[in-house]
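Subject: Structure for your review

Dear colleague,

Please find below the structure that I am handing over to you. My notes on it follow directly after.

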Amino acid sequence: MSESTVTTIGCIGAGYVGGPTCAVIALKCPDIRVHVVDMNAARVAQWNSDKLPVFEPGLDDIVKECRGRNLFFSTDVDAAIEEADLLFISVNTPTKTYGHGKGRAADLKYVESVARNIAKVARGNKIVVEKSTVPVKSAQSIADILKANRTSQNKFQVLSNPEFLAEGTAVRDLLCPDRILIGGEDSADGWRAIQTLCSIYRRWIPAERIITMNTWSSELSKLVANAFLAQRISAINAVSAVCEATGADVSEVARAVGQDGRIGPHFLQASVGFGGSCFQKDILNLVYICESLNLPEVAEFWLNVVSINDYQKQRFAKRIVNCLFNTVAGKRIAILGFAFKKNTGDTRESAAIYVSAHLLEEGARLTVYDPKVDPDQVIRDLRHVTGQPEAVRDQVEVCADPYEAARGAHALVICTEWDVFQTLDYRRIFAAMPKPAYVFDGRKILNHDELTKIGFEVETIGKRVRHVSSSHPAAITNGIGCGEPEPEAAAAAEADH
Ligand code: UDX
Ligand code: UDX
């Protein structure tokens with residue numbers, strides 16, 4: 001028995017995952033028709049325009065090459081289901097905001113409604129591929145819905161094929177993935193469906209990078225991969241607090257630790273906290289699964305990864321207020337970067353939102369600049385998180401350039417590691433700020449020595465920066481970094497008096 005031939009692929013959900021994934025499949029399989037559908041007509045219109053709804057380096061060129069040739073975007077969900085041999089489900093699976101499992105469990109209402117729609121419309125043999133990140137055993141639910149609606153005219157196989165693309169590098173991750181994971185039913189039909197999906201990926205991905213396994217291992221692997229990545233960030237962020245209190249530098253510690261081949265150097269960049277649509281959601285989902293399985297200790301272990309992330313965001317925000325003489329009320333503060341990481345316009349769970357909300361709560365006036373985030377999105381996010389639309393209207397200004405955001409600001413707060421922030425004219429910025437002028441580098445991307453020479457007071461994650469000015473409040477009162485006193489700094493302040 002061998003794989004079957006796929007001539008048409010359908011994808012339901014044209015988001016950050018469905019859109020780029022299908023664009024790359026269309027590029028690599030010019031003989032396969034790829035039809036991406038979404039219930040959101042405005043989003044589909046964007047996919048059919050020159051301004052795609054998702055900013056990803058390299059994506060525009062691929063879409064331009066394939067769109068209208070073998071890549072199509074529409075709202076005609078039923079047509080995509082009818083014509084496809086293989087269907088990806090790429091709809092969102094947000095954390096539940098109601099009922100049992102609220103705040104933890106994944107909300108599968110979209111996945112379920114898509115499965116019901118497939119059951120209603122499909123005729124013939126279909127392979128249904130779960131691409132959205134879902135709780136373990138979701139494929140079984142999809143299969144149950146499909147099988148309950150099976151007729152003599154249709155037959156389904158359900159596979160799990162989680163995505164591992166990271167935003168900002170999605171095209172690279174799709175063209176050259178570390179691995180492709182495919183889980184399927186342990187049966188002859190299941191094996192055949194797995195081989196069919198493998199045959200698509202084998203067109204550009206070496207066979208040894210395509211891993212097959214049972215469905216539940218595949219579903220769980222996706223959650224665990226994200227939990228491990230997030231855990232590393234929380235681990236190094238926890239260490240960053242120790243560094244600030246002791247005078248060690250977290251970058252040096254990360255380098256030393258990462259040199260160990262067993263640990264490796266990746267994902268050890270301390271920051272203001274991880275964001276993005278996946279990490280928190282997937283860990284909470286894992287926590288919920290563990291709680292449901294009566295494994296409270298395991299649930300607690302993973303929950304701490306999220307708690308440390310919340311702590312890191314809060315710690316950074318509080319430090320800004322502490323350093324600005326314990327009050328930011330009425331002070332202008334520039335938030336540089338609002339996306340959850342560079343090279344994306346996505347703000348979901350961005351640390352910038354929480355830092356900004358804390359500063360707004362303290363009465364600050366914020367000027368926000370991000371090279372890719374839509375200004376309306378900034379306002380929407382802040383309204384949503386603060387629940388205070390008037391405060392956001394009165395206290396927040398979204399600026400079109402970083403110099404405008406910085407003008408008159410008491411502090412610059414770097415929340416996203418955009419490359420452009422490394423090459424700004426900081427002398428010009430310094431000249432237009434009241435003194436002392438602060439930089440809070442939440443991403444450790446700036447040249448702190450240079451900034452200090454210009455005259456900035458610099459605060460960063462996981463490191464104490466030596467302040468030139470002995471009038472720096474932290475240098476006098478409680479040591480550098482607004483934390484515990486550093487012996488030399490305390491002695492210097494003493495001598496000055
Ligand atoms: C989503 C999930 O968040 C992630 O867990 C999963 O791994 C992949 O899918 P993403 O693509 O980033 O990630 O979500 P989003 O950008 O919100 O796109 C989902 C799209 O599905 C939206 O455009 C939405 O309109 C569409 N959708 C949702 C449908 O077309 N039909 C539905 O019933 C529900
Ligand atoms: C993640 C996974 O990497 C990807 O495999 C999965 O499919 C989806 O979730 P994404 O959220 O797009 O991708 O971006 P990622 O690069 O993982 O970054 C997540 C967050 O962690 C960002 O806020 C980033 O700035 C932060 N981060 C990352 C750190 O703070 N330090 C690091 O060392 C790495």
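I begin in the loop between β13 and α18, where Lys444 is found. This is a predicted model, and the notes should be read with that in mind. Although Lys444 is not a glycine, its phi is positive, at about 55°. Is Lys444 buried or exposed? Its relative accessible area is 16%, and as buried means under 20%, Lys444 is buried.

A second residue of this kind is Asn294, which is not a glycine either and has a positive phi near 60°. Asn294 sits in the loop between α11 (279–292) and α12. With a relative accessible area of 62%, Asn294 is exposed, whereas Lys444 is buried.

The backbone has another feature to look up, a cis peptide bond between Lys435 and Pro436, with omega at about 0°. Pro436 belongs to the loop that runs between α17 (426–431) and β13 (438–441).

- In helix α18 (residues 448–454), Lys453 and Glu450 are 3 residues apart, so about one helical turn separates them. They form a salt bridge whose closest N and O atoms are 3.7 Å apart. Lys453 is exposed, at 63% relative accessible area, while Glu450 is partly exposed, at 36%.
- In helix α12 (residues 296–323), Lys313 and Asp310 also lie 3 residues apart, about one turn of the helix. Their side chains meet in a salt bridge of 3.6 Å, N to O. Here Lys313 is buried, at 5% relative accessibility, and Asp310 is partly exposed, at 32%.
- In helix α5 (residues 109–121), Arg116 and Glu112 are 4 residues apart, which means that about one helical turn lies between them. The closest N and O atoms of this salt bridge are 2.9 Å apart. Arg116 is partly exposed, at 47% relative accessibility, and Glu112 is partly exposed as well, at 36%.

Helix α5 also packs against helix α6 (residues 138–148): their axes come within 9 Å and cross at roughly 30°. Because angles under 35 degrees count as roughly parallel, α5 is described as roughly parallel to α6. From α5, the contact is made by Val111, Glu112, Ala115, Arg116, Ile118 and Ala119, and from α6 by Ile142, Ile145 and Leu146. The crossing of the two helices, α5 and α6, is right-handed.

Finally, please look at helix α3 (residues 59–66). Which residues of α3 are buried? They are Leu59, Ile62, Val63 and Cys66. Viewed down the axis of α3, these buried residues fall within an arc of 95°, so they line one face of the helix. Asp61 and Lys64, on the other side of α3, are exposed. The elements that cover the buried residues of α3 include α1 (18–28), α2 (41–47), β3 (71–74) and α7 (170–175). After α3 comes Gly68, which has a positive phi near 85°.

A colleague

Key: Residues numbered from 1 in each chain as written. Chains lettered and ligands numbered in written order. Predicted model: local features only at pLDDT ≥ 70, side-chain atom pairs only at ≥ 80, totals over all residues. Heavy atoms only, no water. Salt bridge = Lys/Arg side-chain N within 4 Å of Asp/Glu carboxyl O. Buried < 20%, exposed > 50% of the residue type's maximum accessible area, 1.4 Å probe, protein only. Arc of directions from axis to C-beta. Contact = heavy atoms within 4.5 Å. Axes fitted to C-alpha atoms, helices over the stretch in contact; angles between N-to-C directions. Parallel < 35°, antiparallel > 145°, perpendicular 65-115°, else oblique. Left-handed = near helix turned anticlockwise from the far one by under 90°.
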